[in-house]
Amino acid sequence: MAGIGFVLRKLSQRDDFTRSLMAYFYSAIISSGPWLFTVLSLGVLVLITNQFLDAHDIAEFRIIIIYNFSFSLVLSAPVFMVATRCLADMIHSHDVSGAPGLLLGMFILVYGLALPISVAFYFFYAKLEFWIQVAAVLNYLLISGIWVTAVFISALKEFAAISRSFGIGMMVSLLASVLLSMEFGTIGLLVGFNLGLCFILFDLIARILSEYPGTPRKLFVFLRYFYTHWELAFFGLFYNLAVWVDKWIMWSDAGRTTQSNGLVSFPIYDGAMFLAYLSLVPAIALFTLNVETKFYEQYLRFFQDIQHHATYDRIKHNARLLSQAILGGAQKILILQLTIAISLIVLAPFLLDFLGSSPLQLGIFRYGVLGGIFHVFTMFLITALSYFDVRKKVLLIAVTFFLTNGFFTAVSLQMGMQWYGWGYTIASIISFSMAYILVARHVDELPYETFVVRNASV
Amino acid sequence: MFIRKTTVVADVCIIVEGSYPYVAGGVSSWVHELIESQPHLQFHLLILLARSSDRKLKYTLPENVVGTTEIVLQSLPQGKKRLPNSALIAQQIELTLNNLMHNGGFEDLKNLLEVLSKYKGKLGQEFLINSPEAWQMLLRMYNREFSHCSFLDYFWTWRGLLGGMYSVLQGELPEAKVYHSVSTGYAGLYLTRAKIETGRPAILTEHGIYTNERHIEIAMADWLHEEDHSLQGMAVDSSKRNIRHLWMQSFQSYSRACYSACDRIITLFGGNQKFQLHDGAQRSLMEIIPNGVDYERYEVLQNEQRGKNFVVALIGRVVPIKDIKTYITAISRVKETIPEIRAYVLGPFDEDPEYYCECMQLADHLGVQKELNFAGRVDLTQWMERIDINVLTSISEGQPLVILEAGAAGIPTIATDVGACREMIEGDSRENPSLGHGGIVVPLSSPVATADAIIQLMSDPQLLKRAGKNLQERVRRYYNKGDLQEKYRSLYNQYIDQ
């Protein structure tokens with residue numbers, strides 16, 4: 001008689017949590033990495049060019065770079081969020097033969113979209129000289145390429161080396177663009193910037209191909225993930241939209257600046273905001289470091305103890321430790337960030353004066369710094385939730401951020417100039433509150449969430 | 001997938017678990033023949049299986065199977081997520097569950113069914129297994145007695161056991177006049193439910209004892225973590241309950257409930273009955289109806305030359321459980337006294353090639369390669385005329401029909417004391433006066449005793465013939481297939497009209 005030994009046999013084949021463990025792969029790096037690069041690039045850009053905006057070349061250059069960063073990020077985010085998961089699964093199943101194919105497939109998909117869009121925009125909408133158009137399109141493609149290769153950075157794990165090449169690349173951009181601008185104006189600035197980006201992009205591609213050699217096969221296997229992990233794709237979209245929507249709304253306002261080439265912006269707002277974002281860089285760096293140590297240790301221990309047959313007492317204890325690690329880590333960053341924020345807010349008038357900024361930017365800058373604290377913490381909480389693979393909750397936060405940022409920025413436009421930037425602050429506070437509640441609830445019920453709700457084998 | 005939907009009220013609903021008609025084997029064939037032997041009755045098949053089961057039909061269902069229903073174990077309807085008095089429901093269920101997973105029985109099952117039927121359609125996977133209330137229930141049950149155990153193992157055990165139970169208690173229940181289960185376990189659980197909900201007669205036929213078989217599996221389950229290595233398996237002196245106990249005691253509760261619900265508790269041989277009694281079966285309801293063989297078919301193969309050929313045969317597959325090696329060793333010993341001995345192994349040897357190789361090597365090593373012959377799968381009717389003694393050295397058996405088939409042809413058997421072998425060879429307590437021994441029962445794994453038994457019979461043709469005749473008569477009287485099928489016919493008759 002065959003009996004029902006199968007029930008027992010099936011139980012011995014269950015997969016306990018190893019899939020959940022892989023969630024760490026789309027971690028701090030992927031949620032804050034692109035943002036960090038954007039902030040640094042645009043922040044420094046703004047810093048240097050703020051005083052020279054009367055110069056047509058510089059204003060044109062700046063607006064092209066800002067456009068390219070913003071649109072490339074929003075459009076490639078769904079792709080690279082989904083691809084990160086695909087790569088994580090490949091690594092988890094110890095079969096990375098598809099990695100070169102994934103890289104190539106991503107490039108084809110992203111460039112397939114990026115090329116027509118950027119060409120249409122720069123060649124048919126913007127009124128620019130031919131070579132500027134070419135350089136602008138190239139710039140867009142290079143930045144998109146960097147987002148694509150960023151997917152592999154977590155897996156490569158050569159963080160120090162990669163940070164170095166980013167640093168070198170940005171140095172090259174800076175020097176080359178300054179040098180070439182003297183002779184060639186806008187084109188020189190763009191070409192110089194592109195040179196630095198090329199350096200970064202090709203360096204990353206080289207590292208990826210040396211880590212994952214082989215012929216690219218099964219290029220579009222990752223497309224399936226758009227269906228199975230649609231929450232991730234939408235999260236990528238909405239999160240990056242959320243971060244840019246306030247600026248886009250300002251650009252649509254009557255008070256915007258329109259250049260001769262037809263490109264619109266709101267330099268007072270953009271400039272002040274990106275300067276404010278620079279204040280977040282220390283916090284992001286600290287978070288990334290902290291996450292890879294204390295929190296991750298505790299997180300790993302939580303799952304491994306379960307797999308090693310811990311009693312419930314121990315599991316509960318580990319959950320508590322994990323919650324403490326999240327809060328403890330957050331506290332340190334909060335203190336740092338508050339200190340920076342308060343100092344900046346107080347010193348704002350002097351700072352902006354020193355930087356040659358318009359006094360109109362004072363209010364926006366202060367709102368930006370304040371909102372930035374909550375924004376950065378929302379980012380951390382999203383990362384924490386991502387570790388637990390709660391995709392829908394994370395999507396909810398992103399959508400909320402997008403809607404509130406857009407809505408309240410529009411409102412602030414109605415309320416008058418001294419309220420500009422307030423929309424971002426309110427949106428950040430609301431999103432942070434929501435994220436906090438979601439994380440707190442999840443960690444409170446961590447054993448239930450882990451065993452019953454999230455467990456894929458259930 | 002094969003499901004025959006019907007509104008016909010069948011005479012008999014046969015409940016099978018993990019066997020007929022998707023698995024070929026002894027029990028399946030028995031069910032198939034039972035249905036075929038009662039062509040005047042209409043049967044409904046209630047099939048319990050695992051989600052991942054292969055759904056290929058291994059038998060062509062007889063004409064008188066008017067309907068089939070499948071229940072996938074651990075597969076529940078979703079049910080409602082939230083219920084108005086969820087805490088109260090959880091409380092009521094928890095009490096019963098605690099009993100059922102420890103020392104439960106019929107009353108507990110009845111209580112559980114009452115709660116389930118009160119909220120019919122609303123209690124499903126969502127509430128019973130995945131809800132926060134279910135989680136709290138799990139934690140309370142864990143903390144009561146298992147707080148020292150691997151929580152992971154307890155979690156999966158809880159889900160597995162309860163999922164299985166709920167799916168059986170909430171699945172479809174076709175109408176029938178009699179419900180007949182072929183084992184305890186989940187099929188027995190379903191039988192109990194049928195009895196409680198319809199009041200119709202319930203019959204149980206046990207081939208192997210379900211709890212025994214699970215006992216071995218659970219003791220050997222290496223995916224169950226052993227928190228204290230001195231408590232391997234089912235150590236009697238382990239004072240704390242562990243998860244293996246949980247599994248065993250749950251299945252024992254199901255058996256207990258089933259025996260209480262049955263109107264008749266049948267098994268194949270007496271040796272099983274002590275286990276049934278231990279798990280609460282009432283003696284007055286118990287009966288032995290063994291498997292039978294086609295007496296006429298084998299009787300014609302009897303031979304007056306029996307005992308003069310020096311031929312012994314082990315009829316069975318070449319696998320470790322048949323302990324061919326003891327047979328080979330015994331033969332080498334017999335050879336010393338009876339050099340004319342010719343020994344055969346009649347059965348396929350491709351199931352375990354490694355074991356077959358070892359057997360061949362052993363035969364070579366002992367120098368019996370000439371005397372011993374592996375003939376493979378053969379047509380037994382051709383061989384029966386030549387065989388003098390049938391030998392079975394198995395470590396474990398149920399009711400091996402080969403003893404009866406050979407017996408019908410007048411061939412005595414030497415067999416190990418497992419399963420129904422002793423009863424078939426020596427007769428059981430029902431035989432009055434005793435017909436005499438139809439062979440010799442020897443201890444397990446004992447080449448010396450086996451060899452001595454062979455020598456004893458082989459050197460005394462009169463004794464051999466007499467033993468053969470005794471066994472033949474026993475088969476004719478008590479193991480004739482037609483008679484046994486008639487027993488089921490009158491059994492069904494008795495209960496259908498109730």
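Predicted model: local features only at pLDDT ≥ 70, side-chain atom pairs only at ≥ 80, totals over all residues.
Just after helix H15 of chain B, B:Gly410 takes a positive phi of about 85°. The buried set is made up of B:Val402, B:Ile403, B:Leu404, B:Glu405, B:Ala406, B:Gly407 and B:Ala408.

Chain B also holds an open sheet of six strands, paired in parallel and ordered E10-E9-E8-E11-E12-E13. Strands in a sheet pair through backbone hydrogen bonds, in either a parallel or an antiparallel way. At the edges stand E10 (372–374) and E13 (439–442) of chain B, each with a single partner strand, so one side of each has no neighbour in the sheet. From one strand to the next, the twist averages 20°.

Inside this sheet, strand E8 (residues 311–315) of chain B is mostly covered, with five of its five residues buried. E8(B) pairs with strand E9 (residues 342–346) of chain B in the parallel sense, over five bridges. One spot to look for is B:Ile315, whose bridge partner in E9(B) is B:Leu346. Further along, strands E11 (residues 389–392) and E12 (residues 413–416) of chain B also pair in the parallel sense, this time over three bridges. There, B:Asn390 has B:Thr413 of E12(B) as its bridge partner.

Another open sheet in chain B has seven strands, again with parallel pairing, in the order E3-E2-E1-E4-E5-E6-E7. Here the edge strands are E3 (65–72) and E7 (286–288) of chain B; each has a single partner strand, so one side of each is left without a neighbour in the sheet. Ignoring direction, neighbouring strands of this sheet are turned by 20° against each other on average. Strand E6 (residues 264–267) of chain B runs parallel to E7(B), and three bridges join the two. B:Ile266, for instance, has B:Glu287 as its bridge partner in E7(B). Helix H19 (residues 481–496) of chain B packs on the sheet, where it touches E1 (10–17), E4 (176–181), E5 (202–206) and E6 of chain B. The direction of H19(B) makes about 135° with that of E4(B).

Helices pack against each other too. In chain B, the axes of H8 (residues 210–220) and H9 (residues 243–261) come within 10 Å and cross at roughly 170°. That angle is over 145 degrees, which makes H8(B) roughly antiparallel to H9(B). On the H8(B) side, B:Tyr210, B:Thr211, B:Arg214, B:His215, B:Ile218 and B:Ala219 meet residues of H9(B) including B:Trp247, B:Met248 and B:Phe251. By class, the contact of H8(B) with H9(B) has six nonpolar, four polar and two charged residues.

Over in chain A, helices H10 (residues 230–252) and H15 (residues 391–415) pack with their axes 8 Å apart, at an angle of about 15°. That makes H10(A) roughly parallel to H15(A), and their crossing is left-handed. Among the residues in contact are A:Phe234, A:Phe235 and A:Phe238 of H10(A), along with A:Phe401 and A:Phe402 of H15(A). The contact of H10(A) with H15(A) divides into 17 nonpolar, three polar and four charged residues.

Methods:
Residues numbered from 1 in each chain as written. Chains lettered and ligands numbered in written order. Axes fitted to C-alpha atoms, helices over the stretch in contact; angles between N-to-C directions. Helix = DSSP H or I, 4+ residues; strand = E, 2+ residues; numbered from the N terminus. Parallel < 35°, antiparallel > 145°, perpendicular 65-115°, else oblique. Left-handed = near helix turned anticlockwise from the far one by under 90°. Contact = placed C-beta atoms within 7 Å. Nonpolar A, V, L, I, M, F, W, Y, C, P; charged D, E, K, R; others polar. Buried ≥ 20, exposed ≤ 12 C-beta atoms within 10 Å, placed from the backbone. Pairing = 2+ DSSP bridges.
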